[in-house]
Every structure is written in C-alpha cells, then in structure tokens.
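Please keep the structure in view while going through the numbered points.

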Amino acid sequence: MSNKNASQRLYLGLDLSTQQLKGIVIDEQLQTIAEYAISFNDKSTLVHHVQPNGFIVDKDDNRCVTTPVYVFLEAIDVLFQKLRDQKKFDLSNIVGVSGCGQQHGSVYWKTSSELEKIKNFHAGEENVSLVDLLQSSFSRIDCPIWMDSSTTEECQILEKTVGNAENLFQITGSKAYERFTGSQIMKVARKTPEIYAQTERIQLISNFLATILLGEYAPIDLSDGSGMNLLDIRQHQWSNECLNACGKELEKKLSTKLVYPRTALGPIASYFVERYGLNKQCQVVSCTGDNPSSYYALASDPKTVVISLGTSDTVMASIPASAMPKEAFAGHLLVNPLKAYPESNLLMLLLCFKNGSLVRERVREETGTKDWKGMSELLGQTPSANKGVIGFFYDDHEILPHNVQGRFYFNADGEQVNDLEAASKVRALVEGQLLAKRLYLQRANVDLNNNVDQIVVTGGASVNTDLLQILADIFAKPVYTASAPNSGALGGALRAVDVINQKPNTVSSTVECVVAAKPRGEYTSLYDDMLNRYAKLEDKIVQEKKQ
Ligand SMILES: Nc1ncnc2c1ncn2[C@@H]1O[C@H](COP(=O)(O)OP(=O)(O)O)[C@@H](O)[C@H]1O
Ligand SMILES: O=C(CO)[C@@H](O)[C@H](O)COP(=O)(O)O
C-alpha cells in the first residue's frame, strides 16, 4: 500500500443515478484520488439484483418505470467492497461523505427498525449484506423513478386542488409533472391505499442514500425537495395545500424537517466502519438531487449554464428570485444549492429532456454504427445545419415538450418525411437535441446574450467533443468540461469538503474546467435561422398532438 498516507484527509462523493452508482474520492486540494462506477446492468458486479438498463419498464403500461430498491442497496455494498479492496488509499482517511441521487424517484419504508442493525452493526456479522439486513423494511420494493410518466390523472387532480397549473407553479416552482414525487405518491395512495397506509416514511433517492449511510432516517434536502410539487420554494417549507392533495397525513411520512444541501447529519453507521474500514468519525453530509449536485460542482458563478448529458439531458442556470416569471413556463425552479434563496436571492432553473443518451445510443445502432467514433464519422459527412433537415426524436414520452411521443422528420421545405438516411439522421438527432436546449432556455427568459458567459458540460456524453462543438456553435458560447465527467458525485465530495471544513455559507468549492469547444462565428446565423424553424416545427407537432 505504497500510496497510503496516514495524514491524508479524503472526501467521498456518491451518485445513485439511473444506470449506475458512481463514487469519487478527492483530497483536500480537490484532486481526484479514485473513481468507481457500479453499473446496474453488469452481471459480474451486481450478482443478485442486476437490471438490463438499471430500471424496469412495465410490460402492460410502458409509462410505469421503476427500479427495485434492492438494486440500490446491492450497488452500495459493491461500491464499498471495491473501495475496501483497492490499494490506493486507506478508507479510514475518509473524513466526510455526501452524495446525490436521480431526482424525483421515491422509496417507501414500512419501518425504520431494521436500520438500527446498520447503525449499530457488530463485527462478526460480516457476511450479511444491506439487502439481508433490510429484508422487511419496505412497504413496496419497486421505486417509481423519474422516467415514470403514468400519473397524468394525478397531476390534473393536484393542479385542480390548488386552483390551476399557474398556482402550482407559483407555489412549487413547477406545474404538475408526472415524474414529480407528489403525483407519484398520490398514485400510490389512490391505487394501493393499503400500501400507503403501511408506509411509515417516503424518501427521495438522495435522502434514501443518506439514510443508508447514517443508519437512520435522513431529512429531505430543499433543492431535491423542490422536485416534488410539494414544497413552497419561497418559504422553504412544505405546502400544506399540496401535501393534503397528495396523501393523508403526508407530512408525517415525509418528515417535518427539511435541510439545506450543506448540512452535517452525523457520523457514518457502524456497518460501514466494521465491514469496510471507514473511520467512525467520518461525517455524513446531506445528499441532494443529481442535477443540483452537478450545479454545485460546476457553476463557479451565476453566469454559467451547466448542461448534463446523462440518461436524461438537463440544463441548469441561476435566475434571480425577483425575476421569477409571473406566468408558468415549461421548466422547473428549485431552491438553489449554491447560495440558498433568500440569502442570495437566486433560484436554480432546471430543464429536463427525457430523450437523451438512450436515444443517442438507439440511433447509433439504427444507423449501423458500432461505437461513438463511428457516429462521429457519420456526423462528419453532413454540413452544419444539415442542409435544412430537422428531426425530433421523442422515443419516450418527452418532458419538453410535455408528453409528446414519436419521431418527426422534416426536409428543407418543412415537409414531413418518413425516414432519413443515416448521416442525416445522426446530425438531425444531435442538432435537434441541442437546439431544444437553447430554445427552452430562451422560453424561460434566460438572456443568453447578457446573462450567460459560458457553458459547462457534464455527464456520460460530455466526453464526446463532436457533440460539444455543435453545442458551442448553436449557442455561440465557449463550452467547458471538468476533468471528471461525474459531476454529481463530485458535487457530493465537494459539499463534504465545504461542510467538514466549515467554509462560509456563500462560497462553495468548485472544480476547474477546461475549454472543450469554441464557437465558430460562421455558423451563428445559420443556427439562429435553424432555431426559428425548429421552434415552428415543434409548435406544429405539439398542436397536432392536441387535436
Ligand atoms: N463518447 C460518448 N458519446 C456519447 N455518449 C456517451 C459517450 N460515452 C458514454 N456516453 C453515454 O453516457 C450515458 C451515461 O451517462 P451518465 O451521465 O453516466 O448517466 P447516468 O448518470 O444517468 O447514469 C450512456 O447511456 C452513454 O450513452
Ligand atoms: O428527472 C430529472 C431531472 O428533473 C433527471 O435528470 C433525473 O434526475 C435523472 O438524472 P440522470 O440519471 O439522467 O443524470
């Protein structure tokens, strides 16, 4: 163990995301010491609870999408085993741990009694796993995740109960969205009242992660809590109106306490000390949503737009609370993890596009390309703006625009066509996905000319420099990437650094980013025109869907 250093102070960040659990260990200088990813679809690592994609699409209703809680639990054990078995550093040097989770998903606890076994775990029980210890803890095993879009009826009820969509937006920062936890909970309460009654605690995936690390129920954090349609984002409290609409005595099931993303919760559970060698002094810091966590890591100032190209594609920006629009828009406002409103008067804008990496993978396969390099070669065969061809790829019910599904291809004359040849299809996909990001930022009144200096890109696809060049050209802004693409996990590690070292509440640690693509001026007006055509064609698709 040559690299071990007894005085080293290390910080662990975790990201319990859609397809994997990621972990990153950094030192006091914010340098990466180690990175790990446990894929939910990898049979060689998740022996008992592997899932083909990390999630299950219901065969009778493809709008219902869940992940068994055991997948999360096994992945946590496997990640800590990997940490224990590596020889790079000593786990007892980890002084703080925090993390994040895919947003909106919910975990249903029947009882906390078995959590005691994690908190007060005794050596000698080494062979039991988290799944073994928590066998009777859950009132339902399948956790609805953010890809679920089965709660349209519940969304309508929620909006109606508070008056209308506009009112819900003014209270919670979002109109009703199917994946938001409020309507998901309402569905459990309406369709399976016996399960709702048996449920003692409902958690987001982020505070579920903190709960396992602590060995006791951890509170929901305000930034991730903003993705539930249940929180009053100005008051930083639950909205009683929304709670009452979604379930009986819901506050009790969610916990009254809400915390800011930088809150020390207590020491790590003895399970992790006894089994994996963590230090019993290691502190657990509150966990948040993967998007706020990435934003925390990468947004050095409010003029940075962060784009995550993961399973979903997301766009994040800061907007002053005073500029909160009077009219609801298609996007979400969250309690800002950087500088929490009202101190700094900033909210975090989040735009989420459901059809992200999985559609890019599918189109790559459809066009006969084996890998991302092959896809780049196809991209190289067509010019910027694709000779006027535009495509919309909503394989799954999209979020932006809301609930539209299908593929729509248009030629340079704006006529709909049945299919596109391979090279044109690949470019239509990439340009269409990236144009949508600019369009929805504009629709959310973000002034790209005056209020945005740079774009920082993260997530699995952020290593693809061809995508980043197109992004720079479409936005006419420089595009940066961080050295570690797993910024959600990194944000967790950085929050642990900030909390353990008690950095002032308004300054957060951020990582250095390097320029990955510069905008090429000759394409700016081409993409400005394309954006106008894209917006009109999208309107047409949405209007036709309504008829
Ligand atoms: N070179 C690449 N080009 C484009 N996409 C990539 C590349 N490498 C990985 N990806 C995509 O990254 C995705 C995973 O991103 P990630 O941010 O880790 O997802 P999540 O956090 O949602 O689990 C994969 O689905 C894959 O399609
Ligand atoms: O629903 C949203 C945000 O509103 C998603 O962004 C989830 O948070 C999942 O994130 P990834 O696993 O795609 O990073």
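1. Which helix gives the largest share of the shell around ligand 1? Helix α14 (residues 357-366) does, with three residues. Helices (H or I, at least four residues) and strands (E, at least two) are DSSP runs, numbered from the N terminus.

2. This is a predicted model, in which local features need pLDDT of at least 70 and side-chain atom pairs count only at pLDDT 80 or more, while totals for chains, interfaces and linings use all residues. Residues are numbered from 1 along each chain as its sequence is written, and chains are lettered from A and ligands numbered from 1 in the order in which they are written.

3. Around ligand 1 there are 15 residues, of which Ser17, Gly310, Thr311, Gly460 and Ala461 come nearest. A residue is near a molecule if its C-beta atom, placed from the backbone, lies within 6 Å of it. By class, this shell holds three nonpolar, 10 polar and two charged residues. Here Ala, Val, Leu, Ile, Met, Phe, Trp, Tyr, Cys and Pro count as nonpolar, Asp, Glu, Lys and Arg as charged, and the others, Gly among them, as polar.

4. Ligand 2 is surrounded by 18 residues, and the closest are Thr18, Gln103, Trp146, Gly310 and Thr311. Two or more residues of this shell are given by each of α13 (290-298) and β21 (346-353). Its classes are three nonpolar, 13 polar and two charged. Ligand 2 lies between domain 1 (10-286) and domain 2 (298-547), because both give residues to its shell. The domain bounds come from an automatic or database domain assignment.

5. The largest nonpolar core has 166 residues, and Leu213, Leu349, Leu471 and Ala493 touch the most other members. Such a core is a set of buried Ala, Val, Leu, Ile, Met, Phe, Trp, Tyr and Cys residues joined through C-beta atoms within 7 Å. Helix α1 (residues 69-85) supplies the largest share of this core, 10 residues.

6. Is Lys280 buried or exposed? Lys280 is exposed, because 12 other C-beta atoms lie within 10 Å; a residue is buried at 20 or more such atoms, exposed at 12 or fewer, and partly exposed in between, with C-beta atoms placed from the backbone. Lys280 is placed in the loop between α12 (270-276) and β16 (283-285). The C-alpha atoms of Lys280 and Ser92 are separated by 8.3 Å, although these residues are 188 residues apart along the chain.
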